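Open the model in your viewer and keep the sequence panel beside it. The stops below say what to select next and what is there.

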Amino acid sequence: MSTTRTILICSGKGGVGKTTSTANLGIALAKQGKTTVVLDADFGLRNLDLLLGLENRIVYTAQEVLAESCRLEQALVKHKQEPNLCLLPAGNPRMLEWLTPKDMQSIVSLLEKRFDYVLIDCPAGIEDGFKNAVSATREALVITTPEVAAVRDADRVIGLLNIQGVAPVQLVLNRVRPRMMTNQEMLSVDDITDILALPLLGLVFEDEQVIVSTNRGEPLTLGDSSAPAAQAYHNIARRLQGEEIPLMDPSQARRGLRARMRKLMQTKIF
Amino acid sequence: MQGLELPNHHVQHWRDALPVLLNQLQPGAISLDCGAWLLTCGELNELRKTMAGMGCNLLEVSATNPETLVCASALGLSARLSSDLIGSQKPRDAPTTDSELLFHQGTLRSGDHLQSDGDILLFGDVNPGALISADGDVMVWGRLRGTAHAGQHGEKQARIIALQLRPVQLRIADVVARGPEDQPQTGLVEQARLQDGEIVIEPAPAQGFIGR
Ligand SMILES: Nc1ncnc2c1ncn2[C@@H]1O[C@H](COP(=O)(O)OP(=O)(O)OP(=O)(O)O)[C@@H](O)[C@H]1O
Ligand SMILES: [Mg+2]
């Protein structure tokens, strides 16, 4: 039996950070010595290649591999700086009809022969794209932001994952704003875990650096960024491997910030 | 252990499906999923004998019908309440039974709808975005945070009872109310019922539903 961990990164609601998380976790796992492949299952609107800065290296896709018009090795795009990480691009967006759950399963089982981790970037929603991706996975990470609508959709997705027997299903809370949480302008971590009833694998703060790095095609985890979001993704990758690392506490982060501000002010004044 | 699943009762009677189902079995231990069917002791025993004749050993029975479970236990089989009533094989919306009480274990998540022609008893939470509805009473052994509809065909005596009653919306017969906004008192079981055409929420009586 293969020891590969195949993990679906999904959310329900769109735009909450699935692709960002897939890219950053992929790099983080690769850096920690795990051979990792990220599979773009968002066939309609692929952009995992963009985020990883690999767009211009794509020659073949999963579609050609399945049609046996190329070998898997030819379609895999190795990351420039992080050789442990490969991308398997989705097929041509205009030819979606070919993909069935069975196709997805064949692709994933090919990948499972070669990699320690297979991360699948899932399309938003609960339509065919999602169903195809679910059929090929064992585990899932559900990404949500602390917004009522995102949590509601995440809950729906968790229900569907449970029915399909996907386990374990773990939670990543993205775009957390400590100040809004402590002021109770946003759902709190407790509110969310209380409803979703999933183990919380990590929280990622709202961070401009995420957007900057995305636009550059260099995920935050690639450099040695000290940004909290980069740290958060590295920690999530470690927790995935069973390491116990305490979660960041938004209220503490806030206090830390305030303390730092006070220090700065003091140095200025005195 | 091999699984043997009886067909959904909306689709086909289990007795009609049985020959085909039995044909697919390999000799060995069998776990039988009865779904919502009521199987009597006699029927279960007969099934067990038929299977034994094929080299199969019926060990486990799961069902959503409490009576089937009682019969299975009485025969010394391991009996389990199905937690996957809204399972992949069955329609996701509105699984109904003809029995008086529908019993379901597990949390209803956003988009789920559990409903019954009789009363309904849920062991689990009803999350925001989920709906639980019944012709009779709705009882939730858990937190009710979604929408509940009791007496959906006009039964004005129907009640909604939950360990924690903080729904998005409550309906009894044709009356609709929004859920209370204040935080619930912990450890207090509450019920909602119709009084003079309005939905009122009050502590549930100690006797619960006995004697209705
Ligand atoms: N922690 C964060 N802080 C700030 N911005 C973020 C963070 N995470 C994601 N974003 C931004 O949110 C936007 C959506 O992210 P992303 O494309 O990863 O979401 P998605 O879930 O894959 O979307 P889709 O459903 O469209 O596939 C991007 O512009 C991204 O840069
Ligand atoms: Mg995406």
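Select chain A and chain B of this predicted model and look between them: the count there is three salt bridges, a salt bridge being a side-chain nitrogen of Lys or Arg within 4 Å of a carboxyl oxygen of Asp or Glu. For one of these, pick B:Arg109 and A:Asp155, whose closest N and O atoms are 2.6 Å apart. Side chains of opposite charge can pair when their charged atoms come close.

Stay with the two chains. Contact (heavy atoms within 4.5 Å) involves 13 residues of chain A and 13 residues of chain B. The chains bury about 1,100 Å² between them, 42% of it on carbon and sulfur atoms; buried area is the accessible area (1.4 Å probe) that two parts lose on being put together, summed over both. On the chain A side, select A:Arg152, A:Arg156 and A:Ile163, which lose the most area to chain B, together 46% of what that side buries. For the complex, the predictor gives an ipTM of 0.72 and a pTM of 0.72.

A note on conventions: residues are numbered from 1 along each chain as its sequence is written, and chains are lettered from A and ligands numbered from 1 in the order in which they are written. In this predicted model local features need pLDDT of at least 70, side-chain atom pairs count only at pLDDT 80 or more, and totals for chains, interfaces and linings use all residues, while side-chain values use heavy atoms, with hydrogens and water left out.

Next, the largest pocket. Select A:Ile195, B:Pro128, B:Arg145, B:Arg166 and B:Gln183, the closest to its centre of the 24 residues that line it. Its volume is about 880 Å³, the space filled by probe spheres set on grid points joined across faces, edges and corners. A pocket here is an open set of points on a 1 Å grid over the protein atoms alone, where a 1.4 Å probe fits, with protein on both sides within 12 Å along at least five of seven lines; lining residues have an atom within 4 Å of a point. Helix 7 (148-163) and helix 9 (189-196) of chain A each supply at least two lining residues; helices (H or I, at least four residues) and strands (E, at least two) are DSSP runs numbered from the N terminus.

A cis peptide bond joins A:Ala167 and A:Pro168, with omega about -5°.

In chain B, select B:Asp125 and B:Arg143, which meet in a salt bridge (2.9 Å, N to O). B:Asp125 is in the loop between strand 7 (119-123) and strand 8 (131-134) of chain B, and B:Arg143 is in strand 9 (residues 138-144), 18 residues apart.

Finally, colour by pLDDT, the predictor's confidence in each residue, from 0 to 100. Chain A has a mean of 88 and chain B a mean of 83. Where in chain B does pLDDT stay under 50? Select residues 85-99 of chain B, for which the model has 44 contacts beyond four places in sequence. In chain A, pLDDT stays under 50 over residues 266-270, with zero such contacts. Where pLDDT is low, the predicted coordinates should not be read in detail.
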